[in-house]
Amino acid sequence: MQQVLDILQEYHIYITAAMLIVSILLLIMVIVLFASLNKVESRYRKLMRGENNKSLESMINTYLDKVDSSVKAAEEAKEKSEALRDQLGKCIQKYSMIRYKAFDDVGSDLSFSIALLDEKNDGIILTGIYGRYESTTYAKPIDKGISRYDLSEEEEQVLKEAINK
């Protein structure tokens, strides 16, 4: 132990100088680190300040509120779209028409049959029979592609054409 103390006393000038140099290097490193920390802090404050001096947090909250309102609007639009789809299924989606001569003594194809059906093949067949001295128009209901009434050849034709569209 005495030998260690003797060595320390003999070289204490060098040891003190080395410790002083290390201390100065550490002080310089601390100053450089504080400068870097100040730069990072100023950049962080600028980032958090955001646009037009609004904080980044308030901007994020604003955008999240907009996202929530957009999601709500999209859900409402989806519900309305589904309601419209249900209503559209009840609209006329299939049709067919044929013109023909009902009687030989009439000059042109003035008689007609029109089938008007929805997506479930429900609807009507309108038929207009034109004769030389009188004309008649009538309708026959169609339920799931079938009529409760007898159909003429032309009415069956327009019904098949409309169903196959």
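Q: Contact means heavy atoms within 4.5 Å. Leaving aside neighbours within four places in sequence, which residues is Ser147 in contact with?
A: This is a predicted model, in which local features need pLDDT of at least 70, side-chain atom pairs count only at pLDDT 80 or more, and totals for chains, interfaces and linings use all residues. Residues are numbered from 1 along each chain as its sequence is written, and side-chain values use heavy atoms, without hydrogens or water. Ser147 sits in strand 5 (residues 146-147); strands are DSSP runs of E with at least two residues, helices runs of H or I with at least four, numbered from the N terminus. With those neighbours left aside, the contacts of Ser147 are Lys140, Pro141 and Ile142.

Q: Which counts for Ser147, buried or exposed?
A: A polar atom of the Ser147 side chain lies 3.0 Å from the backbone oxygen of Tyr149. Relative accessible area (1.4 Å probe, protein chains only) sets the class: buried under 20%, exposed over 50%, partly exposed in between. Ser147 has 16% relative accessibility, so the class is buried.

Q: With which side chain does the side chain of Ser96 make a polar contact?
A: Ser96 is in strand 1 (residues 94-100) and is buried, with a relative accessible area of 3%. A polar contact is a pair of N or O atoms within 3.5 Å; within protein, one must be able to donate a hydrogen and the other to accept it, and residues adjacent in sequence count only if both atoms are side-chain atoms. At 2.6 Å, the partner of the Ser96 side chain is that of Glu161.

Q: Why is the pair of Tyr11 and Tyr14 tilted?
A: Both residues lie in helix 1 (residues 2-49), three residues apart; Tyr11 is partly exposed at 40% relative accessibility, and Tyr14 is exposed at 59%. Rings of Phe, Tyr and Trp (its six-membered ring) pair with centres within 6.5 Å, and planes under 30 degrees apart count as stacked, over 60 as edge-to-face, the rest as tilted. The two centres are 6.2 Å apart, and the pair is tilted because the planes are at 45°.
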